[in-house]
Amino acid sequence: MPTITFDDPAALANLAGAARFTFANNYTESDMSVADGVSPADPRLGGRAHGHYHLGYEHPGILEQVIQGATIDVTAEPRSLSNHFGDHIIQLTYDPNHDGVPDPFDLTGIDVLSGTLNVGVEFASGDIGVFNNLASDGGSRWSLSGGTNIIRATLEATGSIFTVDNIAFAAAAPQPPTTPAKEDGQHGHCGDEGATDRGAPDSETLMATASPLAEAPEGQLAPDEHDVLTALSEEILGAFGVEPPGTAHPASHDAVIA
Ligand SMILES: [Ca+2]
Ligand SMILES: [Ca+2]
């Protein structure tokens, strides 16, 4: 089962400046692309794009060395993913045949190293659902069930900074050519903790269960690091051609959940 680790040297090398200051967009590993914002825009979702997210260093002190100009192969440094701001939304799409059309996948797990986020999904049917309030509690592995045959997942900030890693997924199983009518009468059921059904009546049941990570997360984008990066952002964003924060975005990015 593929896992997005944010550690792949070749994938990091594809990013502007190899994301040495952690600013990044469109990181792609195992044919899963992680993009700032939602494209095409979806008025059913809240949140907005910020031009970049952060691939923070897992090893403490690396960012400080990079800022001070040390010679470090930053593509060999493992990373984790953080949002840039508290209303940020980050999209995952899977395109193993590289034709530009997202292909269906099953989202099965995610490490939440710090903070809290919601994880939204869009089913191949067009319905949407959400795993609500996936919290770190000091470092948690969330096992996700029900997010199957989806064409998009969204990491949705809930007002603060989250850090995630090791997003597990699988290519969706081939689907029957026609979908039989459901007969169980359980549409819209809410799962256990952290899971609710956001979508249309025929959305699947979504369930999320947390377990502590085996080891405390070694590193993450600490709040003070985030402040350092924000202070540096004007210069760094310009140097790497990344859109600065606060840039106007289409109004649809600001839409709220109906
Ligand atoms: Ca990692
Ligand atoms: Ca495709």
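This is a short talk through one predicted protein chain, from its overall make-up down to a few single residues.

Okay, ground rules. Residues count from 1 along each chain as its sequence is written, and chains are lettered from A, with ligands numbered from 1, in the order in which they are written. Since this is a predicted model, local features need pLDDT of at least 70, side-chain atom pairs count only at pLDDT 80 or more, and totals for chains, interfaces and linings use all residues.

So what is pLDDT? It's the predictor's confidence in each residue, from 0 to 100. Here the chain averages 83, and 72% of its residues reach 70 or more. Watch out for residues 183-193, though, where pLDDT is below 50; that stretch has 17 contacts in the model beyond near neighbours in sequence. Residues 239-258 also stay under 50, with 38 contacts beyond four places in sequence. By contact I mean two residues whose C-beta atoms, placed from the backbone, lie within 7 Å.

Now the big picture. We've got 3 helices and 15 strands. Those are DSSP runs numbered from the N terminus: helices are H or I with at least four residues, strands are E with at least two. Of the 258 residues, 40% count as buried. Buried means 20 or more other C-beta atoms within 10 Å of the residue's own, exposed means 12 or fewer, and partly exposed is in between, again with C-beta atoms placed from the backbone. And if you take contacts with a separation of 6 or more, 76% are between residues 24 or more positions apart.

Let's zoom in on strand E8, residues 105-114. Why do I call it largely enclosed by the rest of the structure? Because 8 of its 10 residues are buried. E8 pairs antiparallel with strand E13 (residues 163-171) over 7 bridges; pairing needs at least two DSSP bridges between the strands. In that pair, Leu107 sits opposite Phe169. E8 is also joined to strand E11 (residues 140-145), antiparallel again, by 4 bridges, and there Gly109 faces Ser143.

Next, the largest nonpolar core. A nonpolar core is a set of buried Ala, Val, Leu, Ile, Met, Phe, Trp, Tyr and Cys residues joined through C-beta atoms within 7 Å. This one has 47 residues, and Ile110, Val112, Val119, Leu134 and Val164 touch the most other members. E8 gives the largest share of the core, 5 residues. Beyond four places in sequence, Val112 touches several residues, including Leu117, Trp142, Phe162 and Val164.

Now for some loops. Is His88 buried or exposed? It's buried, because it has 23 C-beta neighbours inside 10 Å, even though it sits in the loop between strands E6 (79-82) and E7 (89-94).

Last one: which peptide bond is cis? The one from Ser39 to Pro40, with omega near -5°. Pro40 lies in the loop between strands E4 (32-36) and E5 (53-57).
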